Amino acid sequence: MSEGIKSPNFAPFFGMGGIASAMIFGCAGAAYGTAKSGIGIAGVGTFRPDLIMKSLIPVVMAGIIAVYSLVIAVLISGDMEPTKSYSLFDGFMHLAAGLSVGLTGLAAGYAIGVVGDVGVRSYMQQSRIFVGMVLILIFGEVLGLYGLIVALILNTNTN
């Protein structure tokens, strides 16, 4: 930022919006994935309690989505200090970073929830489905990882 341009007072609003969108959307995706997978696990537990521990994989993967969002929210908040000049460019970059990790986390959580629910129910009936289920869950998790990578790149481009 050049010396003659003053940062607007509302610029941190967009950075805070990035923090909020990362946490809200990312945790909503993780919560949906956990809830949807948990329904399938509860169904499996009534018939085959021995399969519950292996069926927890979708729940763990859904929880990782929230960790991605938390990492970005902490990084963004670390760049925001009351005494430091905060430009409008920084605010928009932080908003973009928060939206990228949050919305991809929402999509990944949805995918993990649907695959986890159907996958663990199918695993109860046929054990050979387990490897395929885990592979599909990994592809769903990678969607959230892509958002994390983009958010990290955007966060490093701030002043």
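## Fold pattern

Along its sequence the protein chain runs through the pattern α-α-α-α-α, which amounts to five helices and zero strands. The model described here is a predicted one.

## Overall shape and packing

The protein chain has a radius of gyration of 19 Å, whereas a compact globule of 159 residues would have one near 15 Å. Along the principal axes, its C-alpha atoms fill a box of roughly 70 × 20 × 15 Å.

Of the 159 residues, 40% are buried. Among contacts with a separation of 6 or more, 85% are made by residues 24 or more positions apart.

## Aromatic pairs

The count of aromatic pairs in the model comes to five. In one of them, the rings of Phe13 and Phe14 have centres 5.6 Å apart and planes at 80°, and because planes over 60 degrees apart count as edge-to-face, this pair is given that label. The rings of Phe14 and Phe92, by contrast, have centres 4.5 Å apart and planes at 40°, so this pair is tilted.

Phe14 belongs to helix H1 (residues 11-47) and Phe92 to helix H4 (residues 88-125), so their pairing ties together parts that are 78 residues apart in sequence. Ring pairs join Phe10, Phe13, Phe14 and Phe92 into a cluster.

Definitions and conventions. Residues are numbered from 1 along each chain as its sequence is written. This is a predicted model: local features need pLDDT of at least 70, side-chain atom pairs count only at pLDDT 80 or more; totals for chains, interfaces and linings use all residues. Side-chain values use heavy atoms; hydrogens and water are left out. Helices (H or I, at least four residues) and strands (E, at least two) are DSSP runs, numbered from the N terminus. The radius of gyration is taken over C-alpha atoms; the globule rule is 2.2 Å times the number of residues to the power 0.38. Buried means under 20% relative accessible area, exposed over 50%, partly exposed in between (1.4 Å probe, protein chains only). Contact means heavy atoms within 4.5 Å. Rings of Phe, Tyr and Trp (its six-membered ring) pair if their centres lie within 6.5 Å; planes under 30 degrees apart count as stacked, over 60 as edge-to-face and the rest as tilted.
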